[in-house]
Amino acid sequence: MTVRTRVAPSPTGDPHVGTAYIALFNLAFARQHGGQFILRIEDTDQTRSTPESEQAILDSMRWLGLEWDEGPDVGGPHGPYRQSERKDAYKDFAMRLVEEGNAFICYRTGEELDQLRASLKEQGINRALKECDLALPADEVEKRQAAGAPFVVRMKVPVDGVCEVDDMLRGTIELDWAIVDAQILLKSDGMPTYHLANVVDDHLMEITHVIRGEEWINSAPKHKLLYQYFGWDMPQLCHMPLLRNPDKSKLSKRKNPTSILFYKRMGYLPEALLNYLGRMGWSMPDESEKFTRDQMFENFDIQRVSLGGPVFDQEKLSWLNGLWIREELDPAAFAAEFQKWALNPEYLMQIIPLIQPRVEKFSDVAPLASFFLSGMMPITLESFAHKSLQEEDVRRILQFAVWHLDQQREWDRDSLFNSLKGLSDAMEFKIRDFLFPLFVAIAGTSQSVSVVDSMSILGPDMSRARLRHALDIVGGPSKKQTKAWEKEFRSIV
């Protein structure tokens with residue numbers, strides 16, 4: 001048997017360090033066994049998936065040194081490798097399950113689902129919705145069908161009992177069928193959900209081992225049942241521990257930058273970041289902290305993975321990155337890497353048109369451009385003093401801007417300005433006053449080049465990180481205040 005592993009990111013946002021972490025361990029396992037590693041794009045969410053996000057994923061993975069044997073850009077014998085290009089096949093498999101009595105067509109509306117869940121709760125029944133809850137009278141089904149009402153295809157699942165799932169790290173896991181809902185397999189738009197597409201693709205692509213995050217443990221019974229319904233052999237499952245923030249909460253961009261692009265823009269070496277991800281829950285036999293990708297592959301043993309939640313600590317990453325810079329780069333290599341990171345023509349030519357009108361001598365360049373080549377700005381609460389803004393105004397502007405820009409998909413100058421202008425109008429601030437805290441957060445001072453131009457050049461990852469850093473400096477809202485602000489924010493955007 002040829003070992004075949006995969007990683008299947010969704011192109012719905014910035015490339016996530018968690019994706020790289022899972023990809024690294026899948027690649028290491030495949031290389032350890034002389035197998036193959038596949039990259040598959042799971043773009044079933046057509047409203048959020050973008051070509052730009054997909055390209056960012058591919059570029060980031062390659063920057064880290066994670067290469068794949070088959071994928072959307074390199075092809076392979078099991079393509080296509082984008083789920084959106086396999087849409088018709090999923091529908092056929094879903095209808096096969098319906099015909100064989102293992103799935104059913106469901107015309108229930110969202111309102112009806114809410115009522116059904118509320119009814120179960122009122123009856124003191126603590127379980128997910130099953131086919132017996134969702135079934136409609138035959139005449140009502142005919143009526144909705146004749147009217148062309150939207151429908152989904154759901155899988156049938158047991159009402160009670162226990163499902164046993166074998167895990168390479170955890171052994172046998174017992175999961176109660178009561179918590180497993182009659183999962184939607186095919187959405188009303190004809191696209192599959194993750195669960196159907198995941199099982200069908202893994203089978204057709206001959207995946208032998210599924211190494212994924214532990215957040216998918218509760219979905220394992222659905223996947224096991226689908227394999228049984230189809231009569232297919234199920235890949236071996238291995239659920240990796242989740243990456244954690246230093247406070248042990250699940251890694252999230254609210255507490256820790258999660259985008260690979262952020263760490264690239266910050267000036268981390270790809271070898272160091274990959275080294276650090278390799279240390280997340282795993283260690284070399286000699287416990288060495290600094291090692292290359294190939295050294296990890298040579299010594300890799302999946303059983304050395306610890307189930308304790310590995311902490312993604314930026315300070316530790318910076319320390320490790322410093323080792324790589326000092327020990328692996330001589331002065332000439334250091335200069336070359338720095339030039340590639342900060343002084344490459346593509347990046348410089350975005351900055352120079354902004355600063356050149358302000359330059360009288362070349363010694364003016366460094367002070368004007370330094371924030372483009374920096375990490376977090378050295379700002380204090382006093383940095384945000386403004387004649388027209390109270391401290392509370394500054395906090396609200398920064399928090400609302402963070403929430404708003406988290407939803408921003410287009411990151412060019414005009415889109416950013418129009419978006420922020422709309423928010424400032426909704427919050428009833430003059431645009432000049434509204435942008436002041438953003439100037440300080442992004443450039444460290446209000447006396448700088450256009451903040452929207454700066455954000456466009458720095459990119460969404462660094463820009464959002466600096467805004468969150470500024471919010472930490474001025475003090476974010478309390479839990480009670482957060483609820484009130486969130487309500488206000490939703491009402492104006």
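Q: At what angle do α1 and helix α10 pack, and how far apart are their axes?
A: In this predicted model, α1 and helix α10 (residues 270-278) pack at an angle of about 75 degrees with their axes 9 Å apart, the axes being lines fitted to C-alpha atoms over the stretch in contact and the angles running from 0 to 180 degrees between N-to-C directions. That makes α1 roughly perpendicular to α10, a term for angles of 65 to 115 degrees. Helices here are DSSP runs (H or I, at least four residues) numbered from the N terminus.

Q: Which residues make the contact?
A: Val17, Ala20, Tyr21, Leu24 and Phe25 of α1 meet Leu274, Leu277 and Gly278 of α10, where contact means heavy atoms within 4.5 Å.

Q: And how do those residues divide into nonpolar, polar and charged?
A: The contact of α1 with α10 has seven nonpolar residues, one polar and no charged; Ala, Val, Leu, Ile, Met, Phe, Trp, Tyr, Cys and Pro count as nonpolar, Asp, Glu, Lys and Arg as charged, and the others, Gly among them, as polar.

Q: Changing topic, how many aromatic pairs are there?
A: The count comes to 20 aromatic pairs, taking rings of Phe, Tyr and Trp (its six-membered ring) whose centres lie within 6.5 Å.

Q: What is the geometry of tyrosine 21 and phenylalanine 25?
A: Their ring centres are 5.3 Å apart and their planes stand at 70 degrees, so the pair is edge-to-face, the term for planes over 60 degrees apart. Tyrosine 21 and phenylalanine 25 are four residues apart in helix α1 (residues 17-32), and are therefore separated by about one helical turn.

Q: Are those two buried or exposed?
A: Tyrosine 21 and phenylalanine 25 are both buried, meaning under 20% relative accessible area (1.4 Å probe, protein chains only). Another edge-to-face pair is tryptophan 282 with phenylalanine 291, at 5.9 Å centre to centre and 80 degrees between the planes; tryptophan 282 is buried at 3% relative accessibility, and phenylalanine 291 is buried at 2%.

Q: Which residues form one aromatic cluster with them?
A: Tyr21, Phe25, Trp282, Phe291 and Phe300 form one aromatic cluster.

Q: Which rings have a lysine's charged end over them?
A: The charged end of lysine 290 sits over the ring of tryptophan 324, 4.9 Å from its centre, and that of lysine 316 over the ring of tryptophan 319, 4.4 Å from its centre; this requires NZ of Lys or CZ of Arg within 6 Å of the ring centre and within 35 degrees of the ring normal.

Q: What should I keep in mind about the numbering and the model?
A: Residues are numbered from 1 along each chain as its sequence is written, and side-chain values use heavy atoms, with hydrogens and water left out. Local features need pLDDT of at least 70 and side-chain atom pairs count only at pLDDT 80 or more, whereas totals for chains, interfaces and linings use all residues.

Methods:
Rings of Phe, Tyr and Trp (its six-membered ring) pair if their centres lie within 6.5 Å; planes under 30 degrees apart count as stacked, over 60 as edge-to-face and the rest as tilted. Helices (H or I, at least four residues) and strands (E, at least two) are DSSP runs, numbered from the N terminus. Buried means under 20% relative accessible area, exposed over 50%, partly exposed in between (1.4 Å probe, protein chains only). Angles under 35 degrees count as roughly parallel, over 145 as roughly antiparallel, 65 to 115 as roughly perpendicular and the rest as oblique.
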